[in-house]
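Me: I would like to go through this protein step by step. Please start with a term I will need.

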Amino acid sequence: MKISEILKVTDAEVLSTYIEDMEISLSTDTRTIIEGDFYLPLKGASFDGENYINEALAKGACGAFVTKDYVLPKEYSSRCILKVKDTLTAYMQMANYRRNKLNVGVVAVTGSSGKTTVKELTASVLSENFKTFRTPLNHNNEIGFCQTIFEMPDDTEVLVLEMGMRGLGEIELLSKYAEPDVTIIANVGTAHIGRLGSRENIAKAKCEIVKYQRGDTFIAHNDELIKNTVEFDGRQIYYSLSDVEIIEKSTNYSKFIYEGNEYELNVGGDYNIENSLSSINCGKSFGMSIEQIKRGLKKYKPIEKRWETVNAGEYKIINDSYNANPDSMRVFVDSIFELYPQYTLILGDMGELGENEVQYHKELGEYINNHKNLDKNTTVITIGNLAENIKNMINNCNSVYYNNIDEAVNYIKDNISHDSTLFLKASRSMKFERIIESLGN
């Protein structure tokens with residue numbers, strides 16, 4: 001962006017010399033700043049980026065944003081200092097400016113679980129007909145939104161944004177600066193219920209995605225709670241697994257019919273079929289042909305830690321430990337019990353479930369224990385303080401509990417056959433990648 005554009009968008013006050021036509025690149029991290037970058041300091045609960053402005057200038061930054069009085073050292077008198085009320089707001093204003101300057105089509109995706117999968121499926125479909133860019137992993141908050149916008153190539157035609165939230169108002173803020181053309185809600189479940197208190201409040205938070213929508217298409221899982229919560233006057237499309245006829249499915253393949261057309265996915269699991277319906281409808285809303293959508297779906301590949309197949313030592317592992325909540329855990333279990341002949345479940349704590357966290361873990365244990373497809377010969381290994389509650393509810397198959405990963409790994413090496421596929425699922429805080437590392441050594 002040019003300095004003149006920044007001044008127009010942010011209403012910044014100039015505290016030192018500047019050149020209006022100078023084009024700059026933003027940097028929010030002094031550790032990676034390079035000469036010529038313009039430093040934008042952000043604030044967090046335990047840090048204040050403004051404390052590092054001089055360091056940024058010393059590394060060659062051509063200027064910086066500030067929110068408070070700042071005396072520019074004489075040796076940096078030629079650098080540009082811009083004062084704004086809030087640096088994050090300024091960042092989002094500049095991101096919105098670039099979003100509109102490039103005039104890209106924007107798809108916004110959220111959901112309690114599955115939103116990353118839906119984002120990846122949708123990007124895979126749209127890439128068949130458009131130059132498509134999508135939210136990188138873990139970039140689904142305000143800062144990540146801005147980073148995505150500025151990483152987006154100039155020739156991008158469609159941008160697929162993943163929107164996460166931890167409370168009310170956060171997705172509304174993202175919607176305000178993203179101005180989406182198409183919005184998608186994968187589902188409303190119990191993720192973050194510890195913060196929001198109820199599914200009704202979660203639905204309110206998710207439905208904020210349409211608040212500043214400029215396009216006319218809203219796509220969502222067929223859930224009465226979503227239907228009764230969303231306030232949107234445009235076209236509403238709802239989908240569910242009941243809308244499809246499944247023709248064939250295995251551990252790494254699915255074939256199904258939806259609205260008279262046959263589609264293929266190179267992944268297994270009913271939830272992947274259901275999630276793909278949102279991307280099919282999104283492709284249609286952008287005027288894509290059925291053949292283009294089919295090709296895009298078939299090219300989809302899961303991202304790292306999302307049903308990722310890896311080998312560690314002599315074990316085959318399916319790693320789905322990117323995140324976990326009661327809803328995604330149930331889907332995880334359903335897919336394994338239906339598609340795999342020999343399996344070992346390795347489950348860890350689910351985070352951010354609030355005051356009922358123990359009960360949610362017990363309910364998962366009951367769900368596994370009473371599942372119609374449970375193989376009585378399987379083993380369920382649970383790791384973590386909360387996960388012990390899963391183990392305590394299982395008596396229809398072998399179940400064990402360990403407080404830490406090292407003890408669980410020793411049990412696996414001593415007791416689990418190499419013929420059994422290991423399935424890993426837990427919240428990221430459990431760091432289940434250590435299991436793979438330990439078994440590979």
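Reply: Two strands pair if DSSP finds at least two bridges between them. The model shown here is predicted.

Me: In which sense do strands β9 and β10 pair?
Reply: Strand β9 covers residues 182–185.

Me: Which residue in β11 is the bridge partner of His221?
Reply: Strand β11 spans residues 235–239 and pairs with β10 in the parallel sense over 5 bridges. In β11, the partner of His221 is Tyr239.

Me: How many of the residues of β10 are buried?
Reply: A residue is buried when its relative accessible area is under 20%. Strand β10, residues 217–221, is mostly covered. The buried count for β10 is 5 of 5.

Me: What radius of gyration does the protein chain have, and why does it agree with a compact globule?
Reply: The C-alpha atoms fill a box of roughly 75 × 50 × 40 Å along the principal axes. A compact globule of 441 residues would have a radius of gyration near 22 Å, so the chain's value agrees with it: 24 Å.

Me: Among contacts between residues at least 6 apart in sequence, what percentage joins residues at least 24 apart?
Reply: Contact here means heavy atoms within 4.5 Å. Among the contacts between residues at least 6 apart in sequence, the part joining residues at least 24 apart is 64%.

Methods. Residues are numbered from 1 along each chain as its sequence is written. This is a predicted model: local features need pLDDT of at least 70, side-chain atom pairs count only at pLDDT 80 or more; totals for chains, interfaces and linings use all residues. Side-chain values use heavy atoms; hydrogens and water are left out. The radius of gyration is taken over C-alpha atoms; the globule rule is 2.2 Å times the number of residues to the power 0.38. Buried means under 20% relative accessible area, exposed over 50%, partly exposed in between (1.4 Å probe, protein chains only). Helices (H or I, at least four residues) and strands (E, at least two) are DSSP runs, numbered from the N terminus.
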